[in-house]
Amino acid sequence: MDFKQDENRIYLTDPDGKTIAEVNIPEKEPGVRDIERTFVDDSLRGQGIADKLLSAVADRLQGEG
C-alpha cells in the first residue's frame with residue numbers, strides 16, 4: 001500500500017483521486033505535531049489501514065527527529 005504524503009497529512013486515494021484514508025498531522029509549534037484526525041473509508045474497514053497510517057506517522061516523525 002503506497003501512502004501519499006504532504007506537509008500535514010498522510011493519505012491514500014482511490015483510482016479516481018478520492019481520499020479513502022488519511023491522518024492529519026499539523027505542526028502546532030516547531031518540533032511538535034498533533035494527530036488531529038484519522039479517517040478510513042468504510043470500504044477499507046477491518047483491514048488494519050488505521051494501524052498502517054499511524055505506523056507511517058511514527059516512521060515519518062522518527063525521521064524528522
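**Chat notes**

Q: Quick one: which residues is Asn24 in contact with, leaving aside its neighbours within four places in sequence?
A: This is a predicted model, to be clear. In it, Asn24 touches Asn8, Arg9, Asp34, Ile35, Glu36 and Arg37.

Q: And where does Asn24 lie?
A: In strand β3, which covers residues 19-24.

Q: Buried or exposed, and why?
A: Asn24 counts as buried because its relative accessibility is 18%, and the cut-off for buried is under 20%.

Q: OK, the sheet. What order do the strands have?
A: It's an open sheet of four strands, in the order β1-β2-β3-β6, and the pairing is antiparallel. β1 (4-6) and β6 (37-40) are at the edges with a single partner strand each, so one side of each has no neighbour in the sheet. From one strand to the next, the twist averages 20 degrees.

Q: How many bridges join β1 to β2?
A: Three, with the two strands running antiparallel; β2 is residues 9-13. As for who faces whom, Gln5 stands opposite Ile10 in β2.

Q: Which strands does helix α1 lie across?
A: Helix α1 (residues 49-64) lies across β1, β2, β3 and β6, and it runs at about 140 degrees to β6.

Q: Switching to rings: how many aromatic pairs?
A: The count is zero.

Q: Then what sits over the ring of Tyr11?
A: The charged end of Arg9, 3.6 Å from the ring's centre. Arg9 is also one of the residues in contact with Asn24.

Methods:
Residues are numbered from 1 along each chain as its sequence is written. This is a predicted model: local features need pLDDT of at least 70, side-chain atom pairs count only at pLDDT 80 or more; totals for chains, interfaces and linings use all residues. Side-chain values use heavy atoms; hydrogens and water are left out. Rings of Phe, Tyr and Trp (its six-membered ring) pair if their centres lie within 6.5 Å; planes under 30 degrees apart count as stacked, over 60 as edge-to-face and the rest as tilted. A charge sits over a ring if NZ of Lys or CZ of Arg is within 6 Å of the ring centre and within 35 degrees of the ring normal. Buried means under 20% relative accessible area, exposed over 50%, partly exposed in between (1.4 Å probe, protein chains only). Contact means heavy atoms within 4.5 Å. Two strands pair if DSSP finds at least two bridges between them. Axes are lines fitted to C-alpha atoms, for helices over the stretch in contact, and angles run from 0 to 180 degrees between N-to-C directions.
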